[in-house]
Amino acid sequence: MALLVRRARRAATKAAVSLGGGGSSSSSVELAIPAHFRCPISLDLMRDPVTAPTGITYDRESIEAWLDTGRATCPVTHAPLRHEDLVPNHAIRRVIQDWCVANRSRGVERIPTPKIPVTPVQASELLFNLAGSARRRDAAARCAEVVAKIKALAGDSERNRRCFASIGTGRVLAAAFESLAAAADAAPAGRVLEDILAALVCMMPLDEEAARTLGLPTSLGSLVAIAENGSLAGRLNAVLAIKEVVSCDGVFTDLSGKIDEIVDALSKIIKSPICPQATKAGMVATYHLALYDERVAARLAAAGLVPVLIEALVDADKSMSEKALAVLDAVLASEEGRASARAHALAVPMLVKKMFRVSDLATQLAVSAMWRLGKAHSDGEEEDDAVTRCLVEALRVGAFQKLLLLLQVGCRDATKEKATELLKMLNKYKSVGECVDAVDFRGLNKLSS
């Protein structure tokens, strides 16, 4: 590794880099960056140089990213190295800044002086003040001031964010949110709740204690209210917080009285999107809710979520496709969900289209959803007309060939069982449904509009 780094540094020294600031080729100036100004990891100009005990200087962002991967060694010397061993190299940083100023006419911008990282003692003091402020009569105003400082410091750098997260900031913020939730009918309290949520999002993923605190009835009621009626940023943060709560094992026992409200809030976010991040977080939360109880899945279907999920699949990217398919498969566990999907013209074509087109996970989910649509409600029950139409439609759009191919290339045991059972269902209608030779779904965008 050391040899590779030395070779890279020698190559970078010889290379000329374009640092022109005007944007045109005529105004750009080729300028070689001195080797000792470059980070041995990124080979870029160091903006916040720090020195390890081994004497090697790195850019803080690069070396901390290296250590975050679990490699607790110096990349050059392989000596043991920890985050706290890194010391800011003010001397080399000032030399780099002087070099940038000297070459300003050649298009080089001066690097800013990095801010001093927050220490665990400073962070702990802020948390102590927050916990005390939340218990005062004028809690809203005092909490808002402390939360603003925490959010600003955590947003300065990833190092600061890790420092706050490591000392349990998520738990303290969740407790402050719960303390203020009872006063959420007052405008100042409502605003500070959104501020606390913004700071909480910086600390995610939350630990179990913080998630359980947010799952308490008072906290959850405020989360739902913000998700439905808060500012755009507040609604996004509320959905992210709800996702953390419902994704935590064992929290569902405390949610029974709020399930309907949560379902309504998440359905609103998915049906009327405010941003892709909120939609995806809402889908993840909805998936966990649907798995919780078949009655919740039925409630989601009654909220009109099935058509929205099917139509979202038409132009969805990989991440959105997987999440929409996961929610759809979970909702189809209910009879209401299956009935809604069987009545939608795009349900079967979209499920078949997503097989082999997105990812292995998407294929597994699509097969599972298709299996739910084609399976009779009970072992002794005959298939009704809606089930028959789904199976015939699946044959016509090429499901039979794709399922055979899936068994040939291999898949998980659970998916293999469902694919085998689906093939048996489809085989009964091969004389009715004529399989298309080349499955072409390019017209689906027009059909869905």
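A salt bridge here is a side-chain nitrogen of Lys or Arg within 4 Å of a carboxyl oxygen of Asp or Glu. By this rule the count comes to 20 salt bridges. The model is a predicted one, so to speak of local features takes a pLDDT of at least 70, side-chain atom pairs count only at pLDDT 80 or more, and totals for chains, interfaces and linings use all residues. Residues are numbered from 1 along each chain as its sequence is written, and side-chain values use heavy atoms, with hydrogens and water left out.

First, the overall picture. The chain has 23 helices and 5 strands, where helices (H or I, at least four residues) and strands (E, at least two) are DSSP runs numbered from the N terminus. Of its 449 residues, 46% are buried; buried means under 20% relative accessible area, exposed over 50%, and partly exposed in between (1.4 Å probe, protein chains only). The accessible surface comes to about 21900 Å², with 53% of that belonging to carbon and sulfur atoms; areas come from the Shrake-Rupley method with a 1.4 Å probe, and for residues only the protein chains shown count as cover. Taking contacts (heavy atoms within 4.5 Å) with a separation of 6 or more, 66% are between residues 24 or more positions apart.

Back to the charged pairs. Glu64 and Arg162 meet in a salt bridge at 3.4 Å, N to O. This pair links distant parts of the chain, with Glu64 in helix H2 (residues 60–68) and Arg162 in helix H6 (residues 158–166), 98 residues apart. Glu64 counts as buried, because its relative accessibility is 6%. Glu209 and Arg171 form another salt bridge, their closest N and O atoms being 3.7 Å apart. Glu209 sits in helix H9 (residues 208–214) and Arg171 in helix H7 (residues 169–181), so this pair ties together parts that are 38 residues apart in sequence. Arg171 is partly exposed, at 31% relative accessible area.

A local case is the salt bridge of Glu335 with Arg338, where the closest N and O atoms are 3.0 Å apart. Both residues lie in helix H17 (residues 335–342), 3 residues apart, or about one turn of the helix. Glu335 is partly exposed at 29%, whereas Arg338, at 13% relative accessibility, counts as buried. Elsewhere, salt bridges that share partners join Asp48, Arg60, Glu64, Asp68, Arg159 and Arg162 into one network.

Helix H12 (residues 259–271) has 13 residues and should span 18 Å at 1.5 Å a residue, which agrees with end C-alpha atoms 18 Å apart; the expected span is 1.5 Å times one less than the number of residues. Its buried residues include Ile259, Val263, Leu266 and Ile270. Among the elements covering the buried residues of H12 are helix H10 (217–229), helix H11 (232–247) and helix H13 (276–292).

As for strands, an open sheet of 3 strands runs in the order S4-S3-S5 with antiparallel pairing. Strands S4 (57–59) and S5 (87–88) are the edges, each pairing on one side only. Two strands pair if DSSP finds at least two bridges between them, and strand S3 (residues 49–51) pairs with S4 over 3 bridges. Thr57 in S4 is the bridge partner of Thr51.

On the surface, Phe356, Leu405 and Val409 form a nonpolar patch with about 260 Å² of accessible area together. Patches are made of residues with over 30% relative accessible area and no salt bridge, joining like charges within 9 Å and nonpolar side chains (Val, Leu, Ile, Met, Phe, Trp, Tyr) within 5 Å. Leu405 is in helix H21 (residues 399–409) and is partly exposed at 38%.
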